Amino acid sequence: MIAWTIYLTFTGGVLLVMLPRTFARWIALLTTLAGLVLGIVAFLRMPIADLAHFTTIVSVPWVPALGINYHLAIDGVSLTMVLVTGISAVSTVLFSWDVDHRQREFFFWLLLVVGGCYGVFLSVDLFLFFAFYELVIVPKYFLIAIFGSTNKEYGAMKLTLYSFFGGMLVFAGILVAYVTAGSLDLNQLAQFHFNPQMQSWAFPVLFLGFAVLAGIWPLHTWAPTGHVAAPTAGSMLLAGIVMKLGSYAGLRVAMNVFPEGFQMWSKWIAALAVIGIVYAAAVALRQRDLKFVIGYSSVSHMGFALLGLATANALGVSGAVLQMFSHGVIAALLFAVAGRMLYRRTHTRELDALSGMNLSRALPFAAFTFVIASAASMGIPGFSGFAAEITILIGAWKTYPIAVWITGAGMVLAAAFTLRALVKSFFGEVRVQTGRVPIDADWKEQPITLAEKCGACLLMFATLAVGLYPKLLLDRIMPAVEAMRFLK
Amino acid sequence: MRSLASTISYLELLKLAFPEVIVVISALVVLGIGLTSRRGTAVSGVSSAKPPTRAVDTAAATGWCSLAAALGVVIAIAAVLMLPRNASLFGGMLVITPLTSLFKIICLVLAFFTVCLARSEKALRHMGEYLAIILFATVGLMLLVGSEELLMIFIGLELLGLSLYVMAAFDKTDVRSAEAGLKYFLFGSTSSAFTLFGISLIYGMSGSTGLVVISEKLAGAPAQPLLATGIIMTLIGFAFKIAAAPFHLWAPDAYQGAPIPSAAFIASGSKVASFVVLGKIVLVGFGPVHGSSAWHAMAAGWSPILAVLAALSILIGNLVALAQTSVRRLLAYSAVAHAGYTLLGLVAGGRDGFSATLFYAVIYAITLVGAFGVVAVVRSESGGDDLENFSGLAARAPLLAGCMAIFMFSLAGIPPLAGFFGKFYLFSAALRAGEDHGLLWLVALALFGSFVSLYYYLIVLKAIFVDQPSRTAPALDDVWSDLLQRITVTVLAAAILFFGIMPGILASRILAAMP
């Protein structure tokens, strides 16, 4: 049944284009809601025992001559990712409610990204997996280049070329695995013993390809530029789900297919991840544009996910998966506030300009949302960010104690840049009213809309629920991770 | 050969060559219609009192010509379907196998779409003659595909070539068309000379022009310089036909200058047939001197030659395409790159590699005919085919823009389009061929090439979807003016999507038809 997330999303996308534009956003909302509901139903109804291994949903021969099957499956890790996709997608549509320019096209590309992500999270067959993975790249280009803002064409092209470069590395890795083992099925590949000499070069190619999408340092530069150039929906999807494709695929494909290669390279991944955490946090501290701050914070937080993967123990890897969920929600929330709630009304994202506007009075709901999002992002206990990062650090303590110390410094920096952005954007000293907002004539007519409130509440609920009771997800993630091959 | 005269049976020959005969007859019919109607226009032209009638006359004649040509092609397809499964005449001069039948049909289908494109090409005068030449070129394709004998292959090659030279130069009002024709002719005739020279050397060494016999003779023969010369000379002719670097220099001018249906035909039918024949020659005829192009075990033979051609084509084609501003030139350089990818399957060899090559060649041909169809519409409405002419096409003609997006992404190898499966099939076949991933270097180069290529395909799509339409560009909302062209393009785009989602349908047919 969960496979319907994919079909419904793509059907919705095609319907959108066919029908008159008045229906566009409603179709998009219904489609994404249906995806979320399917995810929640699966979450509630599927027995936890079934989620401990990759349970097949559909398996049909597709191109028998080459051994390609249409094979979908789900386990705890996939389910978590499906959930975060659903949550981000619904809130993204809500925050794009008033997109007016080429509306049908906008929601078409958006649903294509969402459907591709569902596909990646559920595929077992590597051909299918890679088809969905590449399918996500193209719509991102159009979403950003047509609907974006600052420097959009450059940002879109850079992001697309980086993603496609990663994609080509992945393609090479998948081909090598396929040709050597003679199968494309992840379950079978995870049983196959590749010769260690081959793993030593095939693993880094494959993993690096995925890690480009996850924003690994030093191949992360597409992320801040892309996030800033993208429209709000684009940044929310990018940071919320698309970056997770990279880390998810690194775990599901690279680490499971080439476990020995992973053992050889894990400390290098950890090193890059730690550098990414600290470096991106330090850079974020110096940014003037609010979206750049959030863009770099995404790189920093994805560093945690990569560090969690590199720990190679069940706790750390589960923490990484939890972080993918948590950051998906938090980043979407941050970008929603910065891109939609603030920028649409103030027409600026410059922190210095914002600080003179007394926005906490003018936009109390936005201020409230941003406080919650910042708290979650900093890792205050009670929010999902804390649960995820502490799990990762406990996991990392067993393998790389030094990394934990350095990461600690990174967390302090993270708190610093988040607080700086929060204070500057909402709680600046009210000197003279310099900004455009309070003097803007039609200012009063732009209160926070209902759609925005619903979207923000959904995201805040998700981060709080998982933060207060992480067992909800961890119970499903842990057994699935423990069943994975690289732990044996 | 000795008892040729005694064994010949004209009835048999007519039966087996029936599809070709039909195409020739329909070419003559088309020519006849064209001639008679033109005499009529000449008469009314003298009086010049009623020019509108003359225009109507010509349009009607064009319509009848196209109809006759299309009908002939369709009947020929039906005739191919009724051929016996396997047959061979005159020591391989005319061979019928599932493979030849399949590719005769594919060539005919491509010719059919070319006729559709030609129908709406307004710049062309003397439509009857143009269509007849397309049909003669199609006969050339069918002879090429359906022969396993070097002389017959050479005759097919020349028939095809001579028709294509004329087609390239057909637009007499345009200097570029003349340039395209002349360049294509000069390069083509030179490379034909090379091929003929190569064939004569091979004949001298093996005493036969039949591919199967050649292969038997070569198997026992020691490697010698003369053989190498013969093989290289033969390959050069085909490298020219498929526009592989460094024999690609004619391609940009031909693609840019020739009338659009001619360019589409050069890029599609001619390429597919050339790959079929090239594959047969190297895999059947030169099979014993395969050599090896694995990076750790290079061995002399034709495979390293093709590998070098492929590598050069991928690099030169993709890098030069980056700098193009004319969409047709861009397609030409990308064609060079795609010839490189397609060669990968032949380098790999075997049934798997050959069928991957053919699958990719067919998909590529369909894509290019479609892309040229879009270019034709844009050109006829806005007077050019530079990137600026495409800007804002998404707002002017959403359907065409969507189709162009499908073609470009298929060329770039983005799923779920057929080009993606084609690349997957090709690259996996190439990797599987050499032991210990010997061809990884070539596959890595091809992957790098695909990465580079995405940039220039995106530039085209950026013009279409992102840029604002320039003020001078008219809206392309006059759907009825070139309905046929639009339908053709849409059908081709749908085919690309269909073969991307259901690649097995075509791939398994090609694989099953492999000898």
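Predicted model: local features only at pLDDT ≥ 70, side-chain atom pairs only at ≥ 80, totals over all residues.
Figure 1. Among the contacts in chain A that join residues at least 6 apart in sequence, 82% link residues at least 24 apart. The secondary structure of this chain amounts to 21 helices and two strands. Its radius of gyration of 21 Å is close to the 23 Å that the globule rule gives for 488 residues, so chain A is as compact as a globular protein of that length. The C-alpha trace of chain A spans about 70 × 55 × 40 Å along its principal axes, and 64% of the 488 residues of the chain count as buried.

**Figure 2. The contact between chain A and chain B, seen from the side of chain B.** Chain B contributes 28 residues to this contact, and chain A contributes 27 residues. On the side of chain B that touches chain A, the elements giving two or more residues are α20 (418-433), α21 (440-466) and α23 (503-513) of chain B. The most is given by α21(B), with 11 residues. By residue class, the side of chain B that touches chain A consists of 21 nonpolar, five polar and two charged residues.

**Figure 3. Packing of helix α5 (residues 98-119) of chain B against α23(B).** Two packed helices are described by the angle between their axes and by the distance between those axes. For α5(B) and α23(B), the angle is about 140° and the axes are 8 Å apart. Because angles over 145 degrees would be needed to count as roughly antiparallel, the two helices, α5(B) and α23(B), are oblique to each other. Pro98(B), Leu99(B) and Leu102(B) of α5(B) meet Arg509(B), Ile510(B), Ala512(B) and Ala513(B) of α23(B), and the residues of this contact divide into six nonpolar, no polar and one charged.

**Figure 4. Helix α22 (residues 483-501) of chain B and its surroundings.** At 1.5 Å a residue, the 19 residues of α22(B) should span 27 Å, which agrees with the 27 Å that separates the end C-alpha atoms of the helix. The buried residues in α22(B) are Gln485(B), Arg486(B), Thr488(B), Val489(B), Leu492(B), Ala493(B), Ala495(B), Ile496(B), Phe499(B) and Gly500(B). An α-helix has 3.6 residues a turn, so residues three or four places apart point the same way. The elements that cover the buried residues of α22(B) include α5, α16 (350-382), α19 (398-412), α20 and α23 of chain B. Among these covering elements, α20 and α23 of chain B also give two or more residues to the side of chain B that touches chain A.

Definitions and conventions
Residues numbered from 1 in each chain as written. Chains lettered and ligands numbered in written order. Contact = placed C-beta atoms within 7 Å. Helix = DSSP H or I, 4+ residues; strand = E, 2+ residues; numbered from the N terminus. Nonpolar A, V, L, I, M, F, W, Y, C, P; charged D, E, K, R; others polar. Rg over C-alpha atoms; globule rule 2.2 N^0.38 Å. Buried ≥ 20, exposed ≤ 12 C-beta atoms within 10 Å, placed from the backbone. Axes fitted to C-alpha atoms, helices over the stretch in contact; angles between N-to-C directions. Parallel < 35°, antiparallel > 145°, perpendicular 65-115°, else oblique. Expected span 1.5 Å × (residues − 1).
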